[in-house]
Amino acid sequence: MLVPGSGSALRSVSVDLNNDASLVIDIPDALCERDMVKFTVHTKTTLSSFQKPDFSVPRQHEDFIWLHDTLVETEEYAGLIIPPAPPKPDFESPREKMHKLGEGEASMTKEEYAKMKQELEAEYLAVFKKTVQVHEVFLQRLSSHPVLSKDRNFQIFLEYDQDLSVRRKNAKEMFGGFFKNMVKSADEVLISGIKEVDDFFEQEKTFLLDYFSKIKDSTAKAEKMTRSHKSRRGFLSKNANLGSVCELKNQKFEFLLEKLSDLFEKLRKVEGRVASDQELKLTELLRYYMRDIQAAKDLLYRRARALANYENSNKALDKARLKSRDIPQAEEHQQQCLQKFDRLSESAKKELTSFKGRRVMAFKKNLVEMAELEIKHAKVSLTAHPIKHTV
Amino acid sequence: KNKEASNCGFVTQVCLSGCRVTANFISAKCFNWLRCDFCSLQLEEEEAKSSFDVDVAVTNPEKVGDGMNAYMAYKVSTRVCLHCEEACGSKHLLILEFLERRRAALERFLQRVVSHPLLLQDPDVREFLERDDLPRAVNTQTLSGAGFLKMITKASDAVSKMTIKMNESDTWFEDKFQEVEAEEQQLRKLHVVVDSLVNHRKELCVNTAIFAKSMAMLGNSEDSTALSRALSQLAEVEDKMEQLHQEQAASDFFIFAELLADYIRLLAAVRGCFDQRVRSWQRWQEAQSTLQKKREAEAKLLWANKPDKLQQAKEEITEWEARVTQYERDFDRVGMAVRKEVLRFEKEKTKDFKSQIVKYLEAMLQSQQRLIKFWEAFLPEAKAIA
């Protein structure tokens, strides 16, 4: 199933993307094959570091993960917020429904079947658009970043016209990454345990830890609410069978029910749009920033580790001085740790400040758009009410 | 700890105006069912150690209007005292919901009954409306809602198991009966759908409320002032959404679902009418066959020459001849009445549905308009984020 790109209307979880014409990335389409999604990554660039000014490559979800993980494991970028990896495309729900529809085909009319099929296809499409959007935003965050956009692996990702799977993690590397994740799960403890001298970081730490738990909760509740909205749609659709339900000799009565059924059908369509808009503007927004804040927390964690290393190197230096042995090495090691820590802190401060601005702007954009869409849809459903005239 | 958890008073005005007609062949005895049912309400809910004291008072008869358009208005007051042995909490809400549902149903029932010109004349109806102290009805279990339906179904079964099959001279009755049956089935299906719509809307309510709370917490946690305020406002809007959903669910239920439920029961009652007509025919046929037997018996006696028994036989024949005539007349009368009632019922049904649907849609419309207002109030807050 070939799906056209989401268009700029949907790319609002992050703002200030694709501002720099020197490197413009988008995902114009995607192909779904069985369990796999193939994204077409399209690049337009004026940079000489690339071989061509305009090119496209097919990429799988796993390629994106590879790119993300290599960036995370790059020492140089320890002071940066690495944009969160896009989640795996999840077609479980529409696939299950498609399956059930196939099973129940015999027990419904041709009309019903066609209608349900259409709805399911729309659902597939919605999931598609979401996953394309989130993969696209990931790449665009990278291309908009002054440092990350120059990454060699990023360039390979965009340009390499062969299958990337050879370069992807082999078993050993995977284990290494897994181990890193295990250690990281103690990040909250490490981050909160650190004695902070810098006010800025003290505040950031408190804020991020608290905000993360709240936004995680909000995301879960928003998901539940959106699901309720969607399931309601399904029932309104059964209502639409009203007209066909009564083939009675009482014409006026039949007419009445037909009008009601028409109305329910129109309202159902509107409800559907409301539910999916709410999901995109609200639930997706919360989901994205939950992951982004985790990425910011990871940055704090790396800084905390650097500080811990620095403190350890101080202790080692004291020990060396006591023993009067290996002092120059210890001093150099301590200097390196300090430099690394200072660099990280400086970079982190910049990143976190711009992150805040970016986050606030993205929330603003989405909340405004969501409110406008709610109003628009409600007005549409108002016009679908011709009650007093026709009934 | 006998806490009086709630003390609700419902007052409804019942206008008897005989203009609106809804056919309903329920005998006036069912009024006692109504009152008894109301009074001896016991929630079948598990351990809900709750009981009700219900007082129904019909008072203040007042003549309203003049001449042709005059009608009597009565005030029907219902007072319910709810006793809960423990703090009921959410059960309390369920109980109140149940009460409201029952009260509305009884009110609709009353209005339908008093709208019927024939039932209006019924002395039991009058007594129900006018007496201050009605004797407490007993043994009306069989006439409860479910019991009544069972009665009708049993009667229908009896009719269908008849050995003498009715030879229908008038196809109108057969056609109409099938129509009614079909419509009843369709309304049942629709009712199931609307019921689940109500439940889903309630679920959406709950989830929206939970989300609103979570959003409020997020707003508190947010360190950008303008965004923090906007998120708190969003939480408030979602709270208002929850209220809208609640009201919409109530509208779905009280206006639409209950309408369907009422008509499913009413159509069953209409079926009951048809069955009554068939039973009337049956009675006539049985009387004819009995008369025939009596005549044969008389002939036998004549031949056997038993003058004393003969007199009795002649008397019985006269009696049964009268009965046959009477039953035939009854049958014709019932047929005409059923026809008239069904036609009137259909007209009223359309009117009833129309007015309820209009009410339902108006409620929906209002809900949408309020939704727009809420979001329009929020929009400037969102735009003010900096």
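The model is predicted, so local features need pLDDT of at least 70 and side-chain atom pairs count only at pLDDT 80 or more, whereas totals for chains, interfaces and linings use all residues. Residues are numbered from 1 along each chain as its sequence is written, and side-chain values use heavy atoms, with hydrogens and water left out.

**Chain A, coloured by confidence.** The average pLDDT (the predictor's confidence in each residue, from 0 to 100) of chain A is 81, and 82% of the residues score at least 70. Select strand β4 (residues 54–60) of chain A, where confidence is highest, at a mean of 93, and then strand β1 (residues 2–4), where it is lowest, at 47. Strands here are DSSP runs (E, at least two residues), and helices are runs of H or I of at least four residues, both numbered from the N terminus. Residues 1–10 of chain A have a pLDDT below 50. Where pLDDT is low, the predicted coordinates should not be read in detail.

**The interface.** Next, select the residues in contact (heavy atoms within 4.5 Å): 53 from chain B and 56 from chain A.

**Salt bridges.** Five salt bridges (a side-chain nitrogen of Lys or Arg within 4 Å of a carboxyl oxygen of Asp or Glu) cross this interface. One of them can be shown by selecting B:Asp223 and A:Lys356, whose closest N and O atoms are 2.7 Å apart.

**The chain B side.** Finally, display α6 (171–221), α7 (225–304) and α8 (307–383) of chain B, each of which supplies at least two residues of the side that touches chain A. Helix α8(B) gives the most, with 22 residues.

How values were computed
Chains are lettered from A and ligands numbered from 1 in the order in which they are written.
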